Amino acid sequence: DVARAFAAATQMTRTSWLVAALAVALAVVAAILAANALSRPVRALAESVHRMSEGDLSQRVEVPGTFELAELAEGFNHMGGELEKSIEKLKLAARENQELFLNSIRALAAAVDAKDPYTRGHSERVARYSVAIARHLGQPVEEVRKVRIAALLHDVGKIGIDDRILRKPTALTDDEFEVMKLHPVKGALIMGQIPQLKWIIPGMKYHHEKWDGTGYPDGLRGEEIPMLARIISVADTFDAMTTTRPYQKAMRSDYVVSRIKTFAGTRYDTRVTDALDQALASHDLEVVGEAARQAVAS
């Protein structure tokens, strides 16, 4: 019988196909496992590179073994460590430069204030008050930083004013007052020579402008006055009234705020005077200066 004669051959053929299929399946599985073993560290490396590009320099990749991928991962980890060290050094240098910059600004402001014994420390105090006001206005961190620097330098133009006028213990004459009114413009001219600090000029030049347009030097009114200048204007007045001057004694801070608020909408922006009131009420505005402390205590 033909079927019986070829039965063994038929069975052998079926077995061969089964073995071949099984071998192919095993080969595919082995290939998948091998590819996965190779691609897993590559994917991990790619993911770490992506995270590092987004600023996470703490990324490291662990690849066991001694073949090329392990060496690549080791090189990547070394690179990441060196980059992290370099970034930390840059951050430290940036902080030191920032401190140097601020200390230089403070020194310049102190030199200006020292020309008049009654205004010693004035710029530093105005800067503190301006920062408190800016925070209660909801200003972002970067804007608060700008307010601080602009307030420190708001009176730098007094360098160009005759000491006899600055130190005069009695009221200024009309002519002397016209000379004094030049200090915002002089300050703007001085700082205008430094391109990196041109952004502070509006705060310096216009901190004596009034909301109703009767201020100087340009008679700006309302929203025409830069916010920097509006904040410094209120802080400047607050410090002038809470420290002893030749023409007045220091006044209580709560009284000063109430007086300033009576000029909201005429001399000052109402939002800024409200922010001053809120800062004082929430104890975010610390009145500094010996004369002011004595006034508060009394």
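User: What is the size of the largest nonpolar core, and which residues have the most contacts inside it?

Analyst: The largest nonpolar core has 40 residues, and those with the most contacts inside it are I133, I200, F238, I260, L276 and L285. The term denotes a set of buried Ala, Val, Leu, Ile, Met, Phe, Trp, Tyr and Cys residues joined through side-chain atoms within 4.5 Å, where buried means under 20% relative accessible area, exposed over 50%, and partly exposed in between, with a 1.4 Å probe and protein chains only. Two or more residues each come from helix 3 (68–113), helix 4, helix 5 (141–152), helix 10 (227–242), helix 11 (253–261) and helix 12. This is a predicted model, in which local features need pLDDT of at least 70 and side-chain atom pairs count only at pLDDT 80 or more, while totals for chains, interfaces and linings use all residues. Residues are numbered from 1 along each chain as its sequence is written, and side-chain values use heavy atoms, with hydrogens and water left out.

User: How many helices and strands are there in the protein?

Analyst: There are 13 helices and 0 strands, where helices (H or I, at least four residues) and strands (E, at least two) are DSSP runs numbered from the N terminus. Of the 298 residues, 36% count as buried. Among contacts with a separation of 6 or more, residues 24 or more positions apart account for 60%, contact being defined as heavy atoms within 4.5 Å.

User: How do you know what span helix 4 should have, and what are its end C-alpha atoms apart?

Analyst: The expected span is 1.5 Å times one less than the number of residues, and for the 15 residues of helix 4 (residues 122–136) this gives 21 Å, which agrees with end C-alpha atoms that are 21 Å apart. Just after helix 4, G138 takes a positive phi of about 80 degrees.

User: At what angle do the axes of helix 4 and helix 12 cross, and how close do they come?

Analyst: The axes of helix 4 and helix 12 (residues 270–281) cross at roughly 105 degrees and come within 8 Å. That makes helix 4 roughly perpendicular to helix 12, since angles of 65 to 115 degrees carry that name, while those under 35 count as roughly parallel, over 145 as roughly antiparallel, and the rest as oblique. The axes are lines fitted to C-alpha atoms over the stretch in contact, and the angle, on a range from 0 to 180 degrees, is taken between N-to-C directions. A132, I133 and H136 of helix 4 make the contact with V272, A275, L276, Q278 and A279 of helix 12.

User: Is I200 buried or exposed?

Analyst: With a relative accessible area of 0%, I200 is buried. I200 lies in the loop between helix 8 (183–191) and helix 9, and, apart from neighbours within four places in sequence, I200 is in contact with I149, A150, L153 and M191.

User: What makes Y206 and P226 fall where they do, buried or partly exposed?

Analyst: Y206, with a relative accessible area of 16%, is buried, whereas P226 counts as partly exposed at 21% relative accessibility. Y206 is placed in the loop between helix 9 and helix 10, and P226 also has its place in the loop between helix 9 and helix 10. Not counting residues up to four places away in sequence, Y206 touches P217, D218, L220, I225, P226 and A229. The C-alpha atoms of Y206 and A229, 23 residues apart along the chain, are separated by 5.4 Å. The peptide bond from Y216 to P217 is cis, with omega near 15 degrees.
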